[in-house]
Amino acid sequence: MALAVHFHDQTQPTHDSSLRDEALEGFAASPKHISPKFFYDRRGSELFEQICLQPEYYVTRTEEKILAKAANEILEIAGPQTDLIELGSGASRKVRLLLEGLRPVSYLGIDISEDFLLTSTQRLAADYPWLEVHAACADFSDELKLPDDFTLHHPLVFFPGSSIGNFTPLEARKLLGHLHAILPPGGGLLIGVDLVKDRSVLEAAYNDRAHVTAAFNLNLLQRIRQELDSDIDPSRFTHRAFFNEQDSRIEMHLVSREAQDVMIEGQRFHFDAGESLHTENSYKYTLQSFADLANSAGFDCSGQWTDAQDLFSVHYLQRRP
């Protein structure tokens, strides 16, 4: 039986047309690229949850420990009767560390993967029957628009997992500007941010020994093959991830194993041997560089927490008038 989740489809106009348009544009570019938002079909979302369990991937377990330890301080800053909005909600696992303490009036999960979103929010509604649960299938990298029947009284946006790192600093500032626009003065943003650290730790996190991240990256090509008119063969590409120190970011690429042509929607694209399709960036910050970025978008930092090894950070930002 369906549980009481208020569902809102805010995709514009459909995932498929967006994938088609961006694939054609990105494969024709030099260098070739495509947005990481297309990782997250159902299979991609499942693979990402597996990535979070890999021993090399410190991000999830470290952020969860920080949130658990800082929960009382977060509650003190946020105050009672919040409306909790989670961006990129995925499996909605980390938000459970906040729900019992915050006891929000309502919850809105926003994610681009509809099936995964519905499953996770229905589970939340079952586990927290006192909570009014909303789910919005939307691309929050565009200008964010909240559902009409989701009323904001005392909002707190939760943006975990260092997903802000998938945006260039300029794009990240723009996204923070969108959040500034929907929040009232004093509204909160609780955000996870990955920190600059030793190259070996960073690169291991994106090249796990079980090759789950590789499968996640290659699944993007499988999605193009399945959802578009394409003959692209994922087995003719290989996963590559490395730390670009100059730009302070992990880069993920799909590298062509050989010279080849691929067809997408009747258009032919050539890859030289060793040529790559750039699929994702994950920018890493220092505590100060992220505080400066947030400040430039109209937020003040009310709380900042890290783990003992300074691998990861969580920031509580409040909107200035």
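Reader: Taking helices (H or I, at least four residues) and strands (E, at least two) as DSSP runs numbered from the N terminus, which strand does leucine 317 lie in?
Author: Strand E14, residues 312-319. Residues are numbered from 1 along each chain as its sequence is written. The model is predicted, so local features need pLDDT of at least 70 and side-chain atom pairs pLDDT 80 or more, while totals for chains, interfaces and linings use all residues; side-chain values use heavy atoms, without hydrogens or water.

Reader: Is leucine 317 buried or exposed?
Author: Leucine 317 counts as buried because its relative accessibility is 1% (buried is under 20%, exposed over 50%, partly exposed in between, 1.4 Å probe, protein chains only).

Reader: What is leucine 317 in contact with, sequence neighbours aside?
Author: Beyond four places in sequence, its contacts (heavy atoms within 4.5 Å) include Gly187, Gly188, Leu189 and Ile191. Phe290, Ala294, Phe299, Asp300 and Cys301 are also on the list.

Reader: New topic. How many cavities of 30 Å³ or more?
Author: The count is 1, and the largest cavity has a volume of about 40 Å³. A cavity is a set of points on a 1 Å grid over the protein atoms alone where a 1.4 Å probe fits but cannot get out; lining residues have an atom within 4 Å of a point. Points join across faces, edges and corners, and volume is the space filled by probe spheres set on them.

Reader: Which helices supply the lining of the largest cavity?
Author: H3 (58-78) and H4 (96-102) each give at least two residues, and H4 has the largest share, 4 residues. Among the lining residues are Ala71, Ile74 and Leu97.

Definitions and conventions: 1 Å grid on protein atoms, 1.4 Å probe; cavity = no way out; pocket = protein on both sides within 12 Å on 5 of 7 lines; lining within 4 Å.
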